[in-house]
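Subject: Structure handover

Hello,

Here is the structure I promised to pass on. My notes on it follow below.

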Amino acid sequence: KGEEVIEERPRFPGNVPQVMGILHEENKKFTGRETILMNMRAGMAAEKPVLLNGADGMGKTQIAVKYVYDFKQKYDVIWWLRAEEPAVLEGDYAALAGALNLPEKNLADQAEIVEAVRNWLEHKPGWLIIFDDARGPEDLEKYIPSGVTGHILLTSSNPGWGKKLRVISVPAFLPEDAEDFLKKFTGKKYESETAS
């Protein structure tokens, strides 16, 4: 049997998510990384969690932000989680209960709120959850919904994630991408070769 695939519902241009919690503004000067973005979309279409993996400073978070803004019209719910510190991750995840107006949103036990959010994600389609700067799979066990009702995007510098994800390596900028970025950022033209 092949992987279960959930059909995307039709969307109209200009649609925006009903719930959108993202901590970053769109980077209008984003440059390059087209192959990575195409691979990310292919991974999402196959209903597999997508991991952007690479050393610190390679631009993983900015690529994730670019994906969110490029494809936001395809989702009803987008939620950004700061995954580096366990307490912050749990708080960000529980905060989604308030944004979704779940009955459990005001419970005193944050673990129960987390469970309610995960249960909601397991039964509703049309969402994208981003775990930014995740430390490792063991830290996310109670947050990753079972099933394939939505999309999961992770960024991490840890290479030890196993084979359950679509892992996309994020290398340093290619020289031509770096040059294009400088042109966008400064508004000036740069020559890739110096005059002899």
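This is a predicted model, and the protein chain has a mean pLDDT of 83. pLDDT is the predictor's confidence in each residue, from 0 to 100. In the chain, 80% of residues reach 70 or more. Over residues 192–196 the pLDDT is below 50.

Two conventions first. Residues are numbered from 1 along each chain as its sequence is written, and side-chain values use heavy atoms, without hydrogens and water. Because the model is predicted, local features need pLDDT of at least 70 and side-chain atom pairs 80 or more, while totals for chains, interfaces and linings use all residues.

Now the salt bridges (a side-chain nitrogen of Lys or Arg within 4 Å of a carboxyl oxygen of Asp or Glu). The whole structure has 5. Three of them are described here.

Arginine 82 pairs with aspartate 92, with the closest N and O atoms 2.7 Å apart. Arginine 82 sits in strand β3 and aspartate 92 in helix α3, so the bridge ties together parts 10 residues apart in sequence. Helices (H or I, at least four residues) and strands (E, at least two) are DSSP runs, numbered from the N terminus. Aspartate 92 is buried, at 11% relative accessibility. Arginine 82 is partly exposed, at 42%. Buried means under 20% relative accessible area, exposed over 50%, partly exposed in between (1.4 Å probe, protein chains only).

Glutamate 90 meets lysine 142, also in a salt bridge, at 2.7 Å from N to O. Glutamate 90 is buried at 18%; lysine 142 is partly exposed at 41%.

Arginine 118 and glutamate 122 pair at 3.0 Å. Both lie in helix α4, about one helical turn apart.

Best wishes

Terms used:
Contact means heavy atoms within 4.5 Å.
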